[in-house]
Amino acid sequence: MGENINKGVPYYITTAIAYTSGKPHIGNTYEIVLADAIARFKREQGFDVRFQTGTDEHGQKIELKAEEAGITPQQFVDNVAGEIRNIWDMMNTSYDKFVRTTDEYHVKQVQKMFKKMYDKGDIYKGAYEGWYCTPCESFWTDTQLKDGCCPDCGRPVEKAKEEAYFFKMSKYADRLIEHINSHPEFIQPVSRKNEMMNNFLLPGLQDLCVSRTSFKWGIPVDFDDKHVVYVWLDALTNYITGLGYDVDGNSDELYKKYWPADLHLIGKDIIRFHTIYWPIFLMSLDLPLPKQIFGHPWLLMADGKMSKSKGNVLYADTLVDFFGVDAVRYFVLHEMPFENDGSISWELMAERFNSDLANILGNLVSRTVSMTNKYFGGVVENNDVTEDVDNDLIDTILDEVQKAEQKMNALRVADAITEIFNIFRRCNKYIDETMPWVLAKDETKQDRLKTVLYNLTEGITIGASLLYSFMPETSEKILKELNTEKRALWDMDTFGLYPNGNKVSEAPEILFARMDVNELLKKVEELFPKVEEPKAEEVAEEESFEIKHKPNVSFEDFMKLELRVGEVIACEEVPKSKKLLKETIKFGNETRTIVSGIKKWYSAEEMVGKKVMVVCNLEPREIAGIMSEGMIAAAESPDGEMISLMSPDKKDIPAGSEIG
C-alpha cells in the first residue's frame with residue numbers, strides 16, 4: 001500500500017467568473033465541470049484544495065439589459081447570479097467559494113487596489129476624444145468616419161470626450177516577458193503562450209484604459225467618483241479578494257495559505273486578459289504571480305455555433321433532463337481535446353451514452369454483481385487459483401491507474417478518462433477470456449470461478465474509485481453495489497485489497513439504460529423545432545432591390561489593392577463593445593491583427609479556422625484602442641441587417657494566396 005505524500009499541501013484552483021448577462025449554455029458550463037474534475041482529483045491525490053468560482057457583475061452591457069428589463073442592475077445580476085449558481089450546483093460541482101463582484105468586501109478592495117496603483121504612478125488620468133459611437137462604445141477621428149458615420153456599424157456618431165484613467169502596461173512588459181520565458185509552465189497549452197508573446201507582448205503593449213465615465217454600473221473610483229473601474233481590473237482581482245486579500249496588509253489566513261494560485265482555468269477567448277493584464281496588475285501590487293494559466297478550448301455544436309435563431313442552443317439543465325448529471329459530465333469532459341475545440345450534438349451524446357456508459361460500464365457492473373449472486377449468493381472470495389490471464393488483467397489495471405494520474409497531472413482530462421475506461425474495457429475482455437458461465441458448470445472449477453469474480457470485483461472497485469472525480473454519483477453507486485468504500489489513490493498501486501468474503505448487493509441497479517436514438521431525436525425535434533428556412537421565392541423577392549453604383553475606377557487603381565486569403569487563427573470579443581471582434585489572421589509566414597464590426601453576425605469561436613478575403617494594404621488605424629492592420633471583405637444586405645463574409649469555396653487554398 002502507498003503513502004499520502006501530498007497530505008496538507010495547499011492547492012488553489014479557480015474558474016473564470018461567469019458574466020451575468022444571461023443564462024450560461026453548455027459550452028459555458030463545461031468550464032466549471034472541468035475545474036471540478038481537477039479539484040476532486042487533486043483532493044484524491046491528498047492535496048488541501050481550495051476551489052473558487054463566481055460571477056462578474058458590472059459593466060455597461062448589464063446596465064443596459066437591466067434598463068430593458070425595467071429593474072435595477074443589482075436586481076438583474078442577483079437574478080442571473082442565482083441562476084448560474086443553481087446550474088453549478090445541479091452539475092454537482094464542489095466549489096468552496098462562490099464570489100460575486102458586487103460583494104462589499106470585493107468592492108472595497110478593488111477601490112484600494114486602484115488607489116495604490118495610482119499612488120505608485122502606474123495609473124494616470126487621460127482622455128479619449130473624438131466622435132463617439134454608443135452602440136460600438138468606440139471613439140473615432142474625423143478621418144476614420146465613413147460618410148460621417150461610424151465606420152463599423154454605419155450609425156450616427158456624436159462629438160464626445162471621455163475622461164479616463166490609464167494603466168502604464170509597458171512599464172511591466174519586459175518583466176512579464178522574462179517571467180514567461182523562465183516559467184514554461186506558466187501559460188498552457190504552449191500554442192496560447194506563443195500567441196500572447198508574438199501577437200501582443202513582443203510587438204509592444206499599449207496603455208490600458210482602466211476606468212469609464214459614460215455609465216455608472218461599476219465600482220466607483222473612490223477618489224474620483226465620476227469614474228467607475230474598468231471591468232477587467234474589477235473582475236480579475238476576484239482571485240485574491242475571494243481569499244480575503246487586503247491591500248493594507250491585513251489579509252485573511254486563506255490568502256496567506258493559498259496564494260499564489262496553482263491554476264487559473266479559463267476559456268481560450270480570455271487568455272490575453274489573464275496572461276498579460278492580470279500578471280501586470282499583480283506586479284503593480286507587488287504580489288506573486290499565479291503558477292499556471294490554462295486556456296481550455298471551446299465546446300461547439302456539431303453544426304456550428306450555438307444560436308437561438310437556429311434553435312440549437314443547449315443548456316445543461318435540458319441535457320440533464322434527457323441523460324442525467326453524470327452522463328453530461330462524462331460527455332463534456334471526455335469529448336473535449338486538450339487543445340482543439342470539441343463538438344457536441346444530440347446524436348453524439350446518445351451514441352456515447354449507449355456505447356460507453358450503458359455497454360462498457362453499466363453492463364460490466366451488472367454482469368459481475370449478477371454472476372456473483374447467481375453462483376455464490378453474492379459472496380466474493382479469492383482462493384488464489386490464478387492463470388496468466390489474471391496477471392495480464394492486474395498489470396493492465398495498475399498501469400492504467402498510473403497513466404490516468406499522469407494525464408491528470410498534465411491537465412489532459414479527456415485522456416485520463418480514456419485510461420479509466422480502459423480498465424472497464426479490460427475487465428469486459430477478461431469476462432470473455434475466462435467465461436465464468438462455463439466454469440460454473442464444472443464442480444472442479446469453483447475455486448477458479450471465485451478468483452475470476454474476485455478479480456473482476458477488485459478491478460471494478462479500482463476503476464470506480466478513479467472515476468469519482470469525473471462521475472461522482474456513478475462512482476458512489478457502483479461502490480455501493482460492491483458494498484465497499486472508495487479506494488484511496490495512493491492505495492491503487494496494490495491489487496487485491498477488496499475484503500475477502502464481502503457480499504455484494506442482491507439486485508444490481510441499472511446504471512445507464514440504453515436509449516433508442518431515433519426516439520430521442522424525435523422528442524428533441526418536438527421540444528426544439530428547427531427554424532424553417534425562407535422559401536426560395538421569398539428570398540428572391542427580398543433580394544430584389546435597386547443598386548446604387550459607386551464611380552468607376554481605373555484598372556491601375558484597382559491593381560493597387562492587395563487582396564489575399566487569410567486564415568483566422570484566433571479571435572476574441574473586444575471588451576465593452578457590442579459590435580467588434582479582434583481577429584488574428586495568418587498570411588503565409590506572417591500574422592496580423594484586424595478589428596471588424598461583425599460581432600452581431602459571427603461569434604469569436606465561429607471565426608476561428610475560417611478563411612476570409614482580406615484587404616491587406618489599407619493604412620493601419622486604431623479601433624477601440626487596438627491597431628487594426630487591414631479589413632475583412634464582406635457582403636452587406638441593403639438594410640444593413642445581414643453580413644456575409646467572403647470566403648474561398650476551396651477550403652485547402654493556402655492562407656496568403658493573392659486574390660485578383
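Predicted model: local features only at pLDDT ≥ 70, side-chain atom pairs only at ≥ 80, totals over all residues.
1. The crossing of α15 and α17 is left-handed. By class, 13 nonpolar, five polar and one charged residues make up the contact between α15 and α17.

2. How do the two axes sit? Helix α15 covers residues 413-434 and helix α17 covers residues 446-467; they pack at an angle of about 165 degrees, and their axes are 9 Å apart. Angles over 145 degrees count as roughly antiparallel, and α15 and α17 are therefore roughly antiparallel to each other.

3. On the α15 side, the list is Ile-420, Phe-421, Ile-423, Phe-424, Cys-427, Tyr-430, Ile-431 and Thr-434. On the α17 side, they meet Arg-448, Thr-451, Val-452, Asn-455, Leu-456, Gly-459, Ile-460, Gly-463, Ala-464, Leu-466 and Leu-467.

4. On to the voids. How many cavities of 30 Å³ or more does the structure hold? There are two. The largest cavity has a volume of about 90 Å³, and the second largest cavity has a volume of about 40 Å³.

5. Which residues lie nearest the centre of the largest cavity? Those are Met-336, Pro-337, Phe-338, Leu-411 and Val-413, out of a lining of 14 residues. By class, that lining divides into 11 nonpolar, one polar and two charged residues.

6. Helix α15 turns up again here. It gives the most to the lining of the largest cavity, with three residues. The elements that each supply at least two residues of this lining are α1 (26-44), β13 (293-296) and α15.

7. Which of them has the largest share of the lining? That is α13, with four residues.

8. By class, the second largest cavity is lined by seven nonpolar residues, no polar ones and one charged residue.

Note on methods
Residues numbered from 1 in each chain as written. Heavy atoms only, no water. Axes fitted to C-alpha atoms, helices over the stretch in contact; angles between N-to-C directions. Parallel < 35°, antiparallel > 145°, perpendicular 65-115°, else oblique. Left-handed = near helix turned anticlockwise from the far one by under 90°. Contact = heavy atoms within 4.5 Å. Nonpolar A, V, L, I, M, F, W, Y, C, P; charged D, E, K, R; others polar. 1 Å grid on protein atoms, 1.4 Å probe; cavity = no way out; pocket = protein on both sides within 12 Å on 5 of 7 lines; lining within 4 Å. Points joined across faces, edges and corners; volume = space filled by probe spheres on them.
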